[in-house]
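Okay, thanks for making the time, everyone.

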Amino acid sequence: PSLRFGEDVDLIWRLHAAGFCTRYAPEVRVGHEEPTDWRQWLVRRYHYGTSTAPLARRHHSAALTLRLRPAPLTSLALAVTGRPRLAAAAVIVTTARLTARLRRHDVPVKSAAAAALVAPAVTALGIARWALPLWWPAMLGTGRRSTPTRAMALTALVAPPVATWLSRRPSIDPIRWTAASWADAMAYGAGVWRGSWRERTMAPLLPVLVHDASASPRRHHAET
């Protein structure tokens, strides 16, 4: 009862933890009041962000916004720091390990190499999407140091909205879409920081390494 936002997520997660089954029913249609202007939209996004920390307090790691796997993160870090040969070696090792794992479970292995190659790029995009609403001031500050870091910071700021624009093909141009995405991210991130301050927790603001492929986060409703 104390949750003004995120109460639906809390309810579903508690039902799941109690052994109940929850499912998405697309055939059910429910009317929902939507914001009618930018101010209302950004205010709602801010309030959605404030629910992240209370959910993290109640459900611990389930509410974390970013989980990273060591293998693709290692390949990405080596590539970004100018060590392409080591990055390639890491991808080869990952491919070999993934192939062995798939064979143990009688799963076709022909896509293992492609998955190992794509994983670092997907990880980079995931980090950028997570960092944009929470750490954009730090990203801007880092970009002032040198040309390479400036390029990486700019890529991290632009890549998430551009990737979403390419996948959804909305009716507006990519420039306005990117600007709107930044405003949305900043509003949501401000809410996350506010909620984290009130709950006295840094859990929603920091990533975590995971080693179990089955350990996928339960997505926050404002992120899906």
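Predicted model: local features only at pLDDT ≥ 70, side-chain atom pairs only at ≥ 80, totals over all residues.

The partners are Trp 135 and Trp 193, and their arrangement is edge-to-face, with 5.2 Å centre to centre and 80° between the planes.

Where do Trp 135 and Trp 193 sit in the chain? Trp 135 is in helix α6, while Trp 193 belongs to helix α8, residues 174-199. They're 58 residues apart, so the pair links distant parts of the chain.

And are these two buried, exposed or partly exposed? Buried would need under 20% relative accessible area, and exposed would need over 50%. Trp 135 comes out at 26%, so it counts as partly exposed. Trp 193 has 35% relative accessibility, so that one is partly exposed too.

Okay, on to helix α4, which covers residues 70-80. Which of its residues are buried? They're Pro 72, Ser 75, Leu 76 and Leu 78. Looking down the axis of α4, those buried residues fall within an arc of 165°, so they line one face of the helix. As a reminder, an α-helix has 3.6 residues a turn, so residues three or four places apart point the same way.

What covers that face? The cover over the buried residues of α4 includes α5, at 84-104, and α6, at 112-142. You'll remember α6 as the helix with Trp 135 in it. Then, just after α4, there's Gly 82, which takes a positive phi of about 80°.

Let me zoom out to the chain. We have 8 helices and 2 strands, and from the N terminus the order goes α-α-α-β-α-α-α-α-α-β. The C-alpha atoms fill a box of roughly 50 × 50 × 40 Å along the principal axes.

There are 224 residues, and 32% of them count as buried. Taking contacts with a separation of 6 or more, 70% are accounted for by residues 24 or more positions apart.

Last, the surface. The accessible surface is about 14,700 Å², and 62% of that belongs to carbon and sulfur atoms. For charges, we've got 30 positive and 13 negative, and their mean positions are 11 Å apart.

That's my tour. Over to you.

Key. Residues numbered from 1 in each chain as written. Heavy atoms only, no water. Buried < 20%, exposed > 50% of the residue type's maximum accessible area, 1.4 Å probe, protein only. Helix = DSSP H or I, 4+ residues; strand = E, 2+ residues; numbered from the N terminus. Arc of directions from axis to C-beta. Contact = heavy atoms within 4.5 Å. Areas by Shrake-Rupley, 256 points an atom, 1.4 Å probe, with all protein chains shown as cover. Lys, Arg positive; Asp, Glu negative; His and termini not counted. Charge placed at Lys NZ, Arg CZ, Asp CG, Glu CD. Phe/Tyr/Trp six-rings, centres within 6.5 Å; stacked < 30°, edge-to-face > 60°.
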